[in-house]
Amino acid sequence: MNKIVEILMERDNMSQEDAEDLLNEAKEEANHYLENEGSLEDIEYVLMDYFSLEPDYIFDLIEL
């Protein structure tokens, strides 16, 4: 299971389905930045905006 999903389930009491839906939404936004020459700072913003997480979780959000 994705680390971000685990955090959302434990910290925010979300169901696995809701956590995965939110993660997928954030991944779409992150991919949009990557496809349009965005920077890692843009991805860090997505982590903070969606999940209030530090950049340590960037590789749990994007797939290289």
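**Notebook: helix packing and selected residues**

The reason lies in the angle classes: under 35 degrees counts as roughly parallel, over 145 as roughly antiparallel, 65 to 115 as roughly perpendicular, and the rest as oblique. I record that the model is predicted, so local features need pLDDT of at least 70 and side-chain atom pairs count only at pLDDT 80 or more, while totals for chains, interfaces and linings use all residues. I also record that residues are numbered from 1 along each chain as its sequence is written, and that side-chain values use heavy atoms, with hydrogens and water left out.

**Entry 1: helix 1 and helix 2**

I looked up the geometry of this pair. The axes of helix 1 (residues 3-11) and helix 2 (residues 16-35) come within 9 Å and cross at roughly 130 degrees. Helices here are DSSP runs (H or I, at least four residues; strands are E, at least two), numbered from the N terminus. The axes are lines fitted to C-alpha atoms, for helices over the stretch in contact, and the angles run from 0 to 180 degrees between N-to-C directions.

I then looked up the hand, and the crossing of helix 1 and helix 2 is right-handed. A crossing has this hand if the near helix is turned clockwise from the far one by less than a right angle, and is left-handed if anticlockwise.

Which residues of the two helices meet? I found I4, V5, L8 and M9 on the side of helix 1, and Q16, A19, E20, L22 and L23 on the side of helix 2. Contact means heavy atoms within 4.5 Å. By class, this contact of helix 1 with helix 2 has seven nonpolar, one polar and one charged residues. In this scheme Ala, Val, Leu, Ile, Met, Phe, Trp, Tyr, Cys and Pro count as nonpolar, Asp, Glu, Lys and Arg as charged, and the others, Gly among them, as polar.

**Entry 2: helix 2 and helix 3**

I turned to the next pair. Helix 2 and helix 3 pack at an angle of about 160 degrees, and their axes are 9 Å apart. The two helices are therefore roughly antiparallel to each other. Helix 2 passes helix 3 in a right-handed crossing.

I listed the residues that meet: L22, L23, E25, A26, E29, A30, Y33 and L34 come from helix 2, and D42, I43, Y45, V46, Y50 and F51 from helix 3. The residues of this contact divide into eleven nonpolar, no polar and three charged.

**Entry 3: the largest nonpolar core**

Which members of the core touch the most other members? In the largest nonpolar core, of 17 residues, they are I4, F51 and L61. Helix 1, helix 2, helix 3 (40-51) and helix 4 (58-61) are the elements that give two or more residues to this core. Helix 3 gives the most, with five residues. A nonpolar core is a set of buried Ala, Val, Leu, Ile, Met, Phe, Trp, Tyr and Cys residues joined through side-chain atoms within 4.5 Å.

Not counting residues up to four places away in sequence, L61 touches I4, L23, A26, K27, A30, I43, V46, L47 and F51.

**Entry 4: charged residues in the helices**

Is K27 buried or exposed? K27, in helix 2, has 18% relative accessibility and counts as buried. Buried means under 20% relative accessible area, exposed over 50%, and partly exposed in between (1.4 Å probe, protein chains only). Leaving aside neighbours within four places in sequence, K27 is in contact with D60, L61 and E63.

I next examined E44 in helix 3. At 33% relative accessibility, E44 counts as partly exposed. E44 touches P55 and I58, not counting residues up to four places away in sequence. E44 and E54 are ten residues apart in sequence, and their C-alpha atoms are 7.3 Å apart in space.

E41 also lies in helix 3, and at 62% relative accessibility E41 counts as exposed.

**Entry 5: positive phi in the loops**

I checked backbone angles in two loops. N13, in the loop between helix 1 and helix 2, has a phi near 60 degrees, a positive value in a residue other than glycine. N13 counts as exposed at 72% relative accessibility.

E37 is in the loop between helix 2 and helix 3. Its phi is positive, about 55 degrees, although E37 is not a glycine. At 78% relative accessibility, E37 counts as exposed.
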